[in-house]
Structures are given as C-alpha cells and as structure tokens.
Amino acid sequence: MDVNAMTNSDRSPLRRAAALLRRCSRNKRLNSNPVGGEPYRDIQLKVIRMKLEGKTAVITGAGRGIGRATAHALAREGCNIVLAAPEVDQIEAVAAEIRAIGPQALAVPTDIGLKSQVIALADASFARFGAVDILVNNAGVAIHNAIPNIKEEDWDWMMTINLKGTFLCTQAF
C-alpha cells in the first residue's frame, strides 16, 4: 500500500495492529511474525493490553470461582477492578490479589438483589474511577433440587439474584 494514498483512519495504531495480526494469522509457521521481530502471540497480547489498559471493570460475584478468575484475567490486561459480592472477606482477599498484579482494586460488599446496594456499588465505582467501561454480570445462584422439592422462597431468591440482580446492575451502569 502506498503511504501517500493512506487515509488518517488507515494510519490508526489499532488498524495497523489488526492488519499485522491478520498477516500473522495467515503465516504457516506457528507463533512467528512474517515481518520479523516479536512473535505473533506477543503482538496479539499487546493489542489486547492496549485496548484494556486503564479501563475499569465491575464484576459481580467476584469473590470466588468464575468471578475471581475474570477479575484476575482483566487485571493482568491492565484493567482496574471493582469487586462486588456479599461476602466481604472474599472480595477483600481478591482485591489484595489484584493489587499485587498491579491495577487498582475496589471491594464493595453488595447484594445485587437490592436496588439500594446496586446504586451504592455504582456510586462507589464512579466516585473512585470516574467511568466504568466493562460490566461482568457474573453473580448467580442455583438450587440443585427437583422442581417439586424447591420451596417458593428459594425460587424467588434465585430469580432475584440471577434475573433482577443482572437487570439492576445493567441499568445502573
């Protein structure tokens, strides 16, 4: 491509990186770069980091399991993390782990089934980081029982966390 014929949008770093990734993915030698220099995998990771560095992610159900793993993955890519879960000790522990990786972390004890607590989560997130770029509606519960054996209050609790909580968080952010 003639450099003089390039438009400003063609010159953007992301477009150039994406074009390089496409060329690298067509390369038959695994994990190599057709234009020399660093391996394809390293270029790909830099593009992801470039997109997430300094962003802020709110993760519900972040005290353990998939929520904790998601927090770690986003933190490794440079995201600041807001951890939400009702278990204070769990999210404080994950916050310490995130800070050890490098980005900032904020633990906000939250029952996502309560609108007032979701609003408090949003207020704390915006007050600390100014903006929220990513919302991971991870919190969820399950009752492992046959339907005839599930009590109505248990069903309501599950629907409050899994549906209403997701709705409230999406609405707040």
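**Exercise 1. Determine which residues Asn80 touches, leaving aside residues up to four places away in sequence, and state whether Asn80 is buried or exposed.**

*Solution.* Step 1: beyond four places in sequence, the contacts of Asn80 are Gly54, Lys55, Thr56, Ala57, Pro103, Gln104 and Phe129. The model examined here and in the following exercises is a predicted one.

Step 1: Asn80 is located in strand β2.

Step 2: the relative accessibility of Asn80 is 12%. Buried means under 20%, so Asn80 counts as buried.

**Exercise 2. Identify the elements that give two or more residues to the largest nonpolar core, and state which element gives the most.**

*Solution.* Step 1: the largest nonpolar core comprises 18 residues, and those with the most contacts inside it are Ile59, Ala71, Leu74, Ile81, Leu83 and Ile98.

Step 1: two or more residues of this core come from each of β1 (56-60), α3 (65-76), β2 (80-85), α4 (88-101) and β3 (105-109).

Step 2: with four residues, α4 gives the most to this core.

**Exercise 3. Describe how α5 and α6 pack, and name the residues that make the contact.**

*Solution.* Step 1: two packed helices are described by the angle between their axes and the distance between the axes. For α5 and α6, the angle is about 35° and the axes are 10 Å apart.

Step 1: the crossing of α5 past α6 is right-handed.

Step 2: α5 contributes Lys115, Val118, Ala122 and Phe126 to the contact, while α6 contributes Leu168, Cys169, Gln171 and Ala172.

**Exercise 4. Classify the one aromatic pair of the structure, and locate its two rings.**

*Solution.* Step 1: the structure holds one aromatic pair, formed by Phe126 and Phe173, whose ring centres are 5.8 Å apart.

Step 1: planes under 30 degrees apart count as stacked, over 60 as edge-to-face and the rest as tilted. The planes of Phe126 and Phe173 stand at 45°, so this pair is tilted.

Step 2: Phe126 belongs to helix α5 (residues 115-129), and Phe173 to the segment after α6 (152-172). The two are 47 residues apart, and the pair thus links distant parts of the chain.

Step 3: Phe126 is partly exposed, at 33% relative accessibility; Phe173, with a relative accessible area of 25%, is partly exposed.

How values were computed
Residues are numbered from 1 along each chain as its sequence is written. This is a predicted model: local features need pLDDT of at least 70, side-chain atom pairs count only at pLDDT 80 or more; totals for chains, interfaces and linings use all residues. Side-chain values use heavy atoms; hydrogens and water are left out. Rings of Phe, Tyr and Trp (its six-membered ring) pair if their centres lie within 6.5 Å; planes under 30 degrees apart count as stacked, over 60 as edge-to-face and the rest as tilted. Buried means under 20% relative accessible area, exposed over 50%, partly exposed in between (1.4 Å probe, protein chains only). A nonpolar core is a set of buried Ala, Val, Leu, Ile, Met, Phe, Trp, Tyr and Cys residues joined through side-chain atoms within 4.5 Å. Axes are lines fitted to C-alpha atoms, for helices over the stretch in contact, and angles run from 0 to 180 degrees between N-to-C directions. A crossing is left-handed if the near helix is turned anticlockwise from the far one by less than a right angle, and right-handed if clockwise. Contact means heavy atoms within 4.5 Å.
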